[in-house]
Amino acid sequence: MDKMPKWADIALIPFINLVLALLVSGLVVLLIGQNPIEAMTIMVRGAVGSAYGWGYTLYYTTNFIFTGLAVAVAFHARMFNIGGEGQAALGGLGVAVVCLSVNWPHWSIGLFAAIIGSALFGAAWAAIPAYLQAKRGSHVVITTIMFNFIASALLVYLLVNVFRVPGSMAPETARFAEAVHLPNAAAILPWVGFSRSTPLNVSFIIAIIACIGVYLLIWRTRLGYEIRSFGQSETAAVYAGINPVRIIMISMLISGGLSGLMAINSVMGEAERLVLDPVEGAGFVGIAVALMGRSHPVGVFLAALLFGMLYQGGAELSFEMPGISREMLLVIQALVILFTGALDNMVRSPVERMFIAIKKGA
């Protein structure tokens, strides 16, 4: 019997961890001579207090959903894929190749092709570390982080020597054709008040569909059962006839494909061209999102929304309170990661004891 209900693991414990992280963050802000209540008010207002704030919050949320789901799928197979940065960067390359190679008649057709291209490029970049783990025993943590640097170097080379517009000094591709520009929130929901420059676009809907897809895959399919079984016990999974090489390869390919899909939002939806750093750290934030969301799509969505609020609210905070630098915002984010990751058992143990006591009392 479970020591506590599933909802407590997915929602209650992360919420308590978040409250503790924010309390400690408030003490840090107080120590540097700033008002923590005022700082928190500015962050919340900047993130969700206007259509402008929501536009950027949900834009960041979209990125974090994709990378968080990518890490979560690998987690279920007990693999730590920290190569989301490189896989998303190569996904961006896939988007650029698709959008620049064909004159698409409509953005919807181009979007469908870009989804395939980004997922394939991201999965291909994850396939090599997956093969090395499955066949050679190389640890996926080492290989994926190394492949982040290789992807960065490869992208620089391609943008400078292959895709750069002739006569331009900027290391970026040509702007995508008007036909494949994704409609943003201002075009879809004009009555809400989003500005025409808002980065939020239809990729957010794709991210929600991805959450549903991952849930169905992991908890409603035979493959998902095999992935979870392998993650719980490789020995028992092999005894049951599950092929470890197959599960490692498939899990990592799905994970890499999800990371690659992030480029739909940042490359096709926001920048409308491929630039040097299309990922902007979202691959690493995805690790924290998956940890905080307990590798469950609902938890990943909520954690991604939280980090989206931290990113947008933090930008507004550094603008309105110059005494709080961007580095201080990184400290706040780090505290959230610390409490939801390394110090998780500090909250989990007493909560479990509380539910055990409630069951015994009932």
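The model is a predicted one, in which local features need pLDDT of at least 70 and side-chain atom pairs count only at pLDDT 80 or more, while totals for chains, interfaces and linings use all residues. Residues are numbered from 1 along each chain as its sequence is written, and side-chain values use heavy atoms, with hydrogens and water left out.

Select helix α3 (residues 51-76) together with helix α8 (residues 203-220), whose axes lie 9 Å apart at an angle of about 15 degrees; the two are therefore roughly parallel, a term for angles under 35 degrees.

Next, select Arg45 and Glu320, which form a salt bridge (a side-chain nitrogen of Lys or Arg within 4 Å of a carboxyl oxygen of Asp or Glu) with the closest N and O atoms 3.2 Å apart. Arg45 belongs to helix α2 and Glu320 to helix α13, so the pair ties together parts that are 275 residues apart in sequence.

Finally, select Glu226, which is buried at 11% relative accessible area (buried is under 20%, exposed over 50%, partly exposed in between, with a 1.4 Å probe and protein chains only). Glu226 forms a salt bridge with Arg222, the closest N and O atoms being 3.5 Å apart, and Arg222 is exposed at 69%. Arg246 also forms a salt bridge with Glu226, at 2.7 Å between the closest N and O atoms, and shared partners join Arg222, Glu226 and Arg246 into one network.

Technical notes. Axes fitted to C-alpha atoms, helices over the stretch in contact; angles between N-to-C directions. Helix = DSSP H or I, 4+ residues; strand = E, 2+ residues; numbered from the N terminus. Parallel < 35°, antiparallel > 145°, perpendicular 65-115°, else oblique.
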